[in-house]
Amino acid sequence: ASAVPAAQARGPFRFAGEFGLYVRVVEDGLDVRWLSETFHDGVVRAWVDDRLAAEASTPASDRHAVHLAVTAPVVVLEYGTAGQEPLYRTTIARDAPAAADLDPPAPDSVYLFGDVHGEFDRIVALLRGAELIDEGLAWRGGTRSVVFLGDLFDRGDDVTRVLWFLYGLERQAAAVGGRVHVVLGNHEVMVMSGDLRYVSGKEKIIADLHGVGYQELFHPRHSVLGRWLASKPGLVRMDDLLLAHGGVSPTYLGYSLTEFQDTLRAYMDEPLFTGWNDTTFLAEFVENTPLDSAAVARRWGFFFGSESVLWFRDLVLADTLGTFLDDVLDRFDARVHIVGHTPVPTIRELYDGKLIAVDLRDAASEMLLLAKREEGGWERIKIPLEGPPQPLATGG
């Protein structure tokens with residue numbers, strides 16, 4: 001890792017706490033790395049069922065790394081610098097995440113975000129404004145649901161903080177009957193497969209300070225955040241809402257929710273998934289793989305092709321696919337398809353309200369609220385960062 005002092009290397013960015021936390025699952029415990037704003041002794045404690053299970057200290061530095069021999073399913077980490085009060089606190093689920101819920105029930109209110117791209121402060125402002133979290137960033141949304149339609153990664157400066165925030169908020173919401181849903185987007189797949197072209201400079205500094213490649217921070221088999229992300233769905237039906245990052249294309253219309261998710265997980269579990277952008281790995285893989293060229297092409301198309309559910313744009317860009325959209329909705333027993341990925345100036349309805357586009361050119365500047373009507377259907381409201389909520393109108 002670089003020996004450049006924090007004040008020179010880091011500029012105005014935030015790195016302490018969950019802004020720069022990296023936790024890796026190993027056979028006999030957890031490897032924990034965190035950053036501090038100044039050179040100081042580090043301290044970390046692991047709590048299991050309110051009992052101190054392990055603790056460690058590090059010499060004065062602005063980057064800290066320890067191994068904790070704690071194998072309990074749930075571990076509460078307290079970490080920071082000596083004398084700091086209070087220490088940062090993050091709850092870690094060490095066991096593999098549960099399988100994705102592909103058909104969750106919809107509560108009376110569903111809040112949806114498009115591509116947020118690391119805009120942590122904006123997400124917090126919108127959630128606070130809707131009284132879904134409190135001033136301490138804890139869940140207060142009761143049984144309501146929040147959905148993030150992918151592309152948490154890239155471009156913005158606080159991707160790591162966004163991920164840890166949602167990782168914790170998901171657990172808090174579930175404890176009281178609420179839900180936080182994350183649907184995979186193309187940028188999640190890009191980072192986990194080693195395509196780092198859109199990673200912000202600040203996020204790259206986090207990896208440099210920890211002495212690892214940025215992809216490794218989110219490795220789908222080793223890191224806590226990577227394993228969590230790899231468990232997420234690519235296609236979800238919630239009541240009569242069909243949710244995807246890009247959208248269902250003709251290539252994948254024949255899949256059921258379960259078939260699509262099984263394919264997604266099977267392909268992500270293969271060594272090829274993390275090696276798509278490693279030319280040395282690919283050369284050896286092509287020479288030694290039992291897969292034929294068609295099988296490799298299917299995997300590439302599934303993750304990166306223009307008709308991938310993660311990348312498909314035509315439903316938003318065209319206005320002539322109404323019949324196909326009806327086929328999609330019929331196939332998945334839904335009435336509305338909600339998608340991100342294709343930027344629009346404001347959250348908007350298309351195809352007489354059968355499609356809602358929520359990826360904003362100005363990331364995380366609005367969120368969508370769907371509130372159930374007594375007579376059926378959904379009241380559709382867009383909530384901006386500034387100004388009052390507004391009814392959603394066709395065409396924006």
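What share of the 396 residues in the chain is buried? And, for the close look, which residues does Lys372 touch, not counting residues up to four places away in sequence?

Author: A word on the source comes before the answer. This is a predicted model, in which local features need pLDDT of at least 70 and side-chain atom pairs count only at pLDDT 80 or more, while totals for chains, interfaces and linings use all residues. Residues are numbered from 1 along each chain as its sequence is written, and side-chain values use heavy atoms, with hydrogens and water left out.

Buried residues make up 56% of the 396 residues in the chain, where buried means under 20% relative accessible area, exposed means over 50%, and partly exposed lies in between, for a 1.4 Å probe and with protein chains only. The secondary structure comes to 12 helices and 16 strands, both being DSSP runs numbered from the N terminus, with at least four residues of H or I for a helix and at least two of E for a strand. Contact here means heavy atoms within 4.5 Å, and among contacts between residues at least 6 apart in sequence, 68% join residues at least 24 apart.

Lys372 lies in strand 14, which covers residues 366-372. With a relative accessible area of 34%, Lys372 is partly exposed. Leaving out residues up to four places away in sequence, Lys372 touches Ala106, Pro107, Asp108, Asp239, Gly377 and Trp378. The side chain of Lys372 reaches the backbone oxygen of Ala106 at 3.2 Å. As for Ser109, this residue and Lys372 are 263 residues apart in sequence, yet their C-alpha atoms are 6.6 Å apart in space.

At 14% relative accessibility, Ser61 counts as buried, and apart from its neighbours within four places in sequence, Ser61 is in contact with Ser36, Thr38, Phe39 and His40.

Two loop residues complete the picture. Asp333 lies in the loop between helix 12 (322-331) and strand 11 (336-339), and with a relative accessible area of 60% Asp333 is exposed. Arg155, in the loop between strand 7 (145-148) and helix 3 (159-175), is partly exposed at 47%. Phi is near 55 degrees in Asp333 and near 70 degrees in Arg155. Most residues other than glycine have a negative phi.

Methods
A polar contact is a pair of N or O atoms within 3.5 Å; within protein, one must be able to donate a hydrogen and the other to accept it, and residues adjacent in sequence count only if both atoms are side-chain atoms.
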